[in-house]
Amino acid sequence: MQYTLDLSQARDKDALHALLAQTLPLPSYYGRNLDALFDVLTDAHELWDICFTHCAEAAAALGDYMDAFRATITDAVQEGAEVCARWDDGENPAEPQGAPSAVAEDIDQMGAGTEQFGSLTGGEVI
């Protein structure tokens, strides 16, 4: 499934976790913290293709917590989470290892104008 998270409203930790709970199919028991996010991401589920927009605004508002948020997603992917994360600030995407990159194929087909989300065609795993 594809999801877009507009981080412009993530002005603090609570708002970020509320946005995640509202947008992603997270369980009702989601603890709204980074440890709980890691647990949910690494639980078995279909591939989640997540595009995060307005990352610079969120980084300005959240500071170090934004870095920890990104690291949590990267760590979850390295642990085998079925998540492809793309950031509109051009940071390298996080993709599950060995996953066929349907997202990359979609981006290749879209052509110009997709560079704002970073290139997925390299298949680099972070």
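Along the sequence, the protein chain runs through the pattern β-α-α-β-α-α-β-α. It has 5 helices and 3 strands, where helices (H or I, at least four residues) and strands (E, at least two) are DSSP runs numbered from the N terminus. The model is predicted, so local features need pLDDT of at least 70 and side-chain atom pairs count only at pLDDT 80 or more, while totals for chains, interfaces and linings use all residues. Residues are numbered from 1 along each chain as its sequence is written, and side-chain values use heavy atoms, with hydrogens and water left out.

**Exercise 1. The chain as a whole**

Find what percentage of the residues of the protein chain count as buried.

*Solution.* Start with the cut-offs: buried means under 20% relative accessible area, exposed over 50%, and partly exposed in between (1.4 Å probe, protein chains only). Of the 126 residues in the protein chain, 41% count as buried. Next, turn to contacts, meaning heavy atoms within 4.5 Å. Among contacts between residues at least 6 apart in sequence, 61% join residues at least 24 apart.

**Exercise 2. Aromatic rings**

Search the whole structure for aromatic pairs and say how many there are.

*Solution.* Rings of Phe, Tyr and Trp (its six-membered ring) pair if their centres lie within 6.5 Å; planes under 30 degrees apart count as stacked, over 60 as edge-to-face and the rest as tilted. The search of the whole structure gives 4 aromatic pairs.

- Step 1: One of these joins phenylalanine 52 and phenylalanine 69, edge-to-face, at 5.5 Å centre to centre with 90° between the planes. Phenylalanine 52 belongs to strand S2 (residues 48-53) and phenylalanine 69 to helix H4 (residues 64-78), so this pair ties together parts 17 residues apart in sequence.
- Step 2: Check burial. Phenylalanine 52 is buried at a relative accessible area of 1%, and phenylalanine 69 is buried at 0%.
- Step 3: The ring centres of phenylalanine 69 and tryptophan 87 are 6.0 Å apart and the planes stand at 90°, so this pair is edge-to-face. With phenylalanine 69 in helix H4 and tryptophan 87 in strand S3, the pair ties together parts 18 residues apart in sequence. Tryptophan 87 is buried, at 4% relative accessibility.

**Exercise 3. Two arginines**

Identify the ring that the charged end of arginine 70 sits over, and the side chain with which arginine 86 makes a polar contact.

*Solution.* A charge sits over a ring if NZ of Lys or CZ of Arg is within 6 Å of the ring centre and within 35 degrees of the ring normal. For arginine 70, the ring is that of tryptophan 87, and the charged end is 4.3 Å from its centre.

Arginine 86 is in strand S3 (residues 83-87) and is buried, with a relative accessible area of 9%. Its partner is the side chain of aspartate 49, at 3.2 Å. A polar contact is a pair of N or O atoms within 3.5 Å; within protein, one must be able to donate a hydrogen and the other to accept it, and residues adjacent in sequence count only if both atoms are side-chain atoms.

**Exercise 4. The sides of helix H3**

Which residues of helix H3 (residues 55-62) are buried, and what do they pack against?

*Solution.* The buried residues of H3 are Cys55, Ala58 and Leu62. They cover an arc of only 60° around the axis, which puts them on the same side of H3; the arc is that of the directions from the helix axis to the C-beta atoms. An α-helix has 3.6 residues a turn, so residues three or four places apart point the same way. On the other side of H3, Ala56 and Ala60 are exposed. The buried residues of H3 pack against helix H1 (13-23), S2, H4 and S3.

**Exercise 5. Cysteines**

How many disulfides are there?

*Solution.* A disulfide is a pair of cysteine sulfur atoms within 2.5 Å, and the count comes to 0. For cysteine 51, the nearest cysteine sulfur is that of cysteine 55, 7.6 Å away. For cysteine 84, the closest is in cysteine 51, at 9.5 Å, too far for a bond.
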